[in-house]
Amino acid sequence: MELELRHLRVLCAIADSGSVGRAAVALGYTQPALSTQLRRIERLLGEGLFVRSSTGVELTAYGAEVVSQAREILSRADALGRRPAGGPPAASGALRLGVTNTPVVPTLLDALRDACPDLAVSVSSVYATGELLALLEAGELDAALGIDYPGLPVRHSAALDHRAVNTVPIFVAIHAGHPLAHRVEVPLEELSRDTWFVASDDGVGWPGAFYDACRAAGFTPAATHEFHVLDQLQSMIARGLGVTAVQPTVRPADGVLVKPLAGDPLWQRLLLLWRRDRVAPPVAEALHHHAVRTYRNLLAQAPHLQKWVTRAYTPAHPQAAVRTDRDRAPAARPSADGSPADGSYAGRAPAARPGPSGDNGPAPLRADGGTTRR
């Protein structure tokens, strides 16, 4: 048996529906037949792609990697021959892009300028993902890069669509002279007496997710300041004035250390959202593709994250790659020096939280890259 496009469509249908039974109905299979097909695919790849439960199925970290690559392959296959000879470039026109606080933006704009020179992008910086959603719904933006959290998937009307870019653990930034500076991973509960700088309400789950994690660790922060201007924030942390939760892509300033939290109690997912009536499928595909590649490259340049991955994960099965003809690594797995080959990471599964899974986009929340936990 060799992987075919129909097998990739099966995997995507199961991932999208969260259930083998619902996927079987959508594809016109019987449930036993689709279950048999899935087992054959998993045997071929040498590793499980889904975790079964009483409520359906969830992607494993490796499964998320395979499905992500399957979507890319299917998108490229479906697009073959669509553009008429002499027609306009697929990714062209004007695009109003809203962005939240993410370091992806500068490199993403560079990549889009080179790859899609006929796409005129104007950028608006908006801190809160909730505000980005409101602007999209009102038609004041065409697309946006936002964030959501495990158990709190982003909600929007049928006028919008979304797709995950990557899911990563949230780290902590501390003063280089902090008593826990020598620790490889910092237990959240041991920061209970620290002053915390906490970013303001983003309209989709933060800082609620942070306070939930603190309560689960057995404490409420003794003192907090609401602050999210990163340069000034790092300056205050370097002076020992407090600690803060940070994205793993952050580059620490002098006097600041970025550390993983023991047990990975906090996660976030970067999303691409867009208006269906304003963003053509080729433009959405180009945006997503370049956002994923840009983010993976940023992750690969974060030494504190590379060390975390090297400690926590082992390479995926050597036969597990779903390859494309593109100039890229076959799958995201550590290289000889322990750093990920393309910056794509799988995370330890976040603790279960109440709430719906998935909505219109990838569900449930898992890391979107590909290594396998020891």
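Leaving aside its neighbours within four places in sequence, with which residues is G93 in contact? The answer is D118, L119 and A120, where contact denotes heavy atoms within 4.5 Å. The model examined here is predicted, so local features need pLDDT of at least 70 and side-chain atom pairs count only at pLDDT 80 or more, while totals for chains, interfaces and linings use all residues. Residues are numbered from 1 along each chain as its sequence is written, and side-chain values use heavy atoms, with hydrogens and water left out.

G93 belongs to strand β3, which covers residues 93-99. The C-alpha atom of G93 is separated by 8.6 Å from that of V121, a residue 28 positions apart along the chain. With a relative accessible area of 38%, G93 is partly exposed, because that class lies between buried (under 20%) and exposed (over 50%), as computed with a 1.4 Å probe on protein chains only.

The protein as a whole contains 10 helices and 14 strands; these are DSSP runs numbered from the N terminus, with helices being H or I of at least four residues and strands E of at least two. Of its 374 residues, 52% are buried. Among contacts with a separation of 6 or more, 77% join residues 24 or more positions apart.

The interior may be considered next. In soluble globular proteins, nonpolar side chains tend to be buried together. A nonpolar core is here a set of buried Ala, Val, Leu, Ile, Met, Phe, Trp, Tyr and Cys residues joined through side-chain atoms within 4.5 Å. The largest such core has 72 residues, and L95, V172, W196, W206 and L266 have the most contacts inside it. Helix α9 (residues 281-300) supplies the largest share of this core, 9 residues. Another core, of 25 residues, lies apart from it and includes A23, I41, V67 and I73.

W196 touches, among others, V172, L188, F210 and P221, not counting residues up to four places away in sequence. W196 is also a member of one aromatic cluster, together with Y149, W206, F210 and Y211. Rings of Phe, Tyr and Trp (its six-membered ring) pair if their centres lie within 6.5 Å; planes under 30 degrees apart count as stacked, over 60 as edge-to-face and the rest as tilted. By this rule there are 6 aromatic pairs. One of them joins W206 and F210, tilted, at 5.9 Å centre to centre with 40° between the planes. The rings of F210 and Y211 have their centres 5.1 Å apart and their planes at 65°, so this pair is edge-to-face. F210 is buried, with a relative accessible area of 1%, whereas Y211 is partly exposed at 25%.

Two backbone features deserve attention. Most residues other than glycine have a negative phi, and most peptide bonds are trans. The peptide bond from W206 to P207 is cis, with omega near 10°, and P207 is placed in the loop between β8 (195-198) and α7 (208-216). D264, not a glycine, has a positive phi of about 50°. D264 sits in the loop between β11 (256-260) and β12 (267-275) and is buried, with a relative accessible area of 3%.
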